[in-house]
Number of protein chains: 2
Amino acid sequence: MTLKLHNFFRSSTSTRLRAALNLKGLDYDYVAYVLRDGEPRTPAYLARNPQGLVPTLELDDGTNLTQSLAIIEWLEETHPTPALLPADPSGRARVRALAYMIACEIHPLNNLRVLFRLRDQFGADEGAQKDWFTHWVSTTFDALEDALANSPDTGTFCHGDTPGLADVCLYAQVWNNRRFDIALDPWPTISRIFAALDALPEFRNAAPPNQPDAA
Amino acid sequence: MTLKLHNFFRSSTSTRLRAALNLKGLDYDYVAYVLRDGEPRTPAYLARNPQGLVPTLELDDGTNLTQSLAIIEWLEETHPTPALLPADPSGRARVRALAYMIACEIHPLNNLRVLFRLRDQFGADEGAQKDWFTHWVSTTFDALEDALANSPDTGTFCHGDTPGLADVCLYAQVWNNRRFDIALDPWPTISRIFAALDALPEFRNAAPPNQPDAA
C-alpha cells in the first residue's frame, strides 16, 4: 500500500498524523502545500478535500481521507498494531477526551485562518494575536495538566507507558505553541510527557523542523 | 444503569449527546447548569470536569465522562446497537470526518466563551459577533454541503438511511445557528437532512426548546 500524505510541515494537524503514521510503522509519500499562499484552495486540492485544509491522506485506490482525527481512527481500525487507543472502553473514553480537549478546544481557535480572520475583522496585530493564542492554550492546558496530574492512569505518556492518540495531539500542540514562544513551565506534567515523546524517533521524525518543506 | 447528564439546554455539545443517548434508547437523569452564570466553574463541577464545560455524563460507579464526542464513542462501544457508525472502516472515516468538520471547525469558534472573549478582547458587539459566527458556519457548511451533495454515500441522512454520529453533530449545529438567525437556504442538502432528523422523536426530544431548563 502506498500512502500519500498531503500536508504542511508546520500544521499541527499534519504533525499529529505524521506521528500516528510513524507509530504504526507506515511509510508515506510526502506532498507539501504552502498554506500562506492558499495552495490548498486550488480546484485540484478542493476535489480531494472540500474544506481546503491539510492534511489529506490519499490511499492507493484514490480515496482521500480527511480530518486528522478521523484518519487516525481509520489507521487504528485498519492497522490495529501497535494500538493508539487502550483496549477498555473507559480507557478509550479517557484518551479520546484528552485528545479532544486539544483538538476541539485549542487548535481550532489558534490556526492560521483564525489568526488571519482576527487580523481582518478586528485589526488584531501580532501582539493581540499572541494574547488570543495564549489565552486558549492556557485555559485548556490548565485543565489538561489537572486531568493528567491527578489521574493514576497517567504514566510515562498521557495514558500508561505506551504513546497514543492523546500523545500525538499533545506533541503537535506543544510544537504549535512555539509560534508564540509559549513556555511549558506552568504545566509540569505536560512538559514531562512532551520531553518523553520528543525522545522517540516516531515523534521526533514527525516534528515540523524535520520535514522536507521546513524553511 | 442510571446515567446522569450534566448539561445545558442550549449547549450544542449537550444537544449532540442527548440525541445520541436517545438513539441508543438510554434513559438519563437531566441535571441543568446555567452557563452564563458560570455554574460549571464551581469546585464541585470542576471535580467532575476539569475544563468546566458541559456536557459530563456521570455513570453509576461515579465515573465522569467528558467531551461529547468521546462520550458518544464510548456509548457506541458499550451499547453497540443501534450503531451510530457504519461497519466498514472507510464509511466510519467518512462519518467521523463529517462530524469533525462541525465539531472541530465550527463549534469551537462559536461557543459562548469565545463570543465573550471577542467582546472582552476586541470590543465585539452583537453585530460583530454575528459576522464572526456566520463566517465560520458558512465556511464549513459550504464544504459540508459539497461533501454531502456529491457523495453517493449520502442518503436520507448524512450516511445512508440510518442516523448517526455526523447527524447528531449536524442537528445540534443547525439549532446553534438559530442564535444568530442563520437560514439554511444556501445549503439544500444540509437543510433536507436537518428536516428529516427533526421529524424523528430521538432528535426532536433532544432539541434545546424541549429541555426542562429551556426558558
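Chain A is divided into domain 1, residues 4-82, and domain 2, residues 89-204. The model is a predicted one. Within chain A, the C-alpha centres of domain 1 and domain 2 lie 20 Å apart. A rotation of 180° with 0.0 Å of shift along its axis superposes chain B on chain A, at an RMSD of 0.0 Å; that is the relation of a two-fold axis.

**Contact between the domains of chain A**

- Eleven residues of domain 1 of chain A are in contact with 14 residues of domain 2 of chain A.
- On the side of domain 1 of chain A that touches domain 2 of chain A, the elements giving two or more residues are helix H1 (12-23) and helix H3 (68-78) of chain A.
- H1(A) supplies the largest share of that side of domain 1, namely eight residues.
- By class, the residues of that side of domain 1 of chain A divide into six nonpolar, four polar and one charged.

**Helix H3 of chain A**

- H3(A) is mostly covered, as nine of its eleven residues are buried.
- The buried residues of H3(A) include Ser68(A), Leu69(A), Ala70(A), Ile71(A) and Ile72(A), and Glu73(A), Trp74(A), Leu75(A) and Glu76(A) are also among them.
- Within chain A, the buried residues of H3(A) pack against H1, strand S3 (56-58), strand S4 (64-66), helix H4 (89-105) and helix H8 (165-177).
- The buried residues of H3(A) also pack against H4 of chain B.

- In chain B, the C-alpha nearest the two-fold axis belongs to Cys104(B) and is 2.6 Å from it.
- The contact between the chains takes 38 residues from chain B and 38 residues from chain A.
- Because 100% of the interface residues of chain B are also interface residues in chain A, the copies meet through the same surface.
- The elements of chain B that give two or more residues to the side touching chain A are strand S4 (64-66), helix H3 (68-78), helix H4 (89-105), helix H5 (107-110), helix H6 (112-122) and helix H7 (126-149).
- The largest share of this side of chain B, eleven residues, comes from H4(B).
- The side of chain B that touches chain A has 21 nonpolar, nine polar and eight charged residues.

**Pro108 of chain A**

- Pro108(A) has its place in helix H5 of chain A, residues 107-110.
- Pro108(A) is buried, because 24 other C-beta atoms lie within 10 Å, and 20 or more within that distance is the condition for a buried residue.
- Leaving aside neighbours within four places in sequence, Pro108(A) is in contact with Cys104(B), Glu105(B), Pro108(B) and Leu109(B).
- Pro108(A) and Glu77(A) are 31 residues apart in sequence, and their C-alpha atoms are 25 Å apart in space.

**The sheet of chain B**

- Four strands of chain B form an open sheet in the order S2-S1-S3-S4, with mixed pairing.
- Strand S2 (29-32) and S4 of chain B stand at the edges with a single partner strand each, so one side of each is left without a neighbour in the sheet.
- Neighbouring strands of this sheet are turned by 25° against each other on average, direction ignored.
- Strand S1 (residues 4-7) of chain B runs parallel to S2(B), and four bridges join the two.
- Leu5(B) has Tyr30(B) as its bridge partner in S2(B).

Key: Residues numbered from 1 in each chain as written. Chains lettered and ligands numbered in written order. Predicted model: local features only at pLDDT ≥ 70, side-chain atom pairs only at ≥ 80, totals over all residues. Least-squares fit on C-alpha atoms with pLDDT ≥ 70 in both. Contact = placed C-beta atoms within 7 Å. Nonpolar A, V, L, I, M, F, W, Y, C, P; charged D, E, K, R; others polar. Domains from an automatic or database assignment. Buried ≥ 20, exposed ≤ 12 C-beta atoms within 10 Å, placed from the backbone. Pairing = 2+ DSSP bridges. Axes fitted to C-alpha atoms, helices over the stretch in contact; angles between N-to-C directions.
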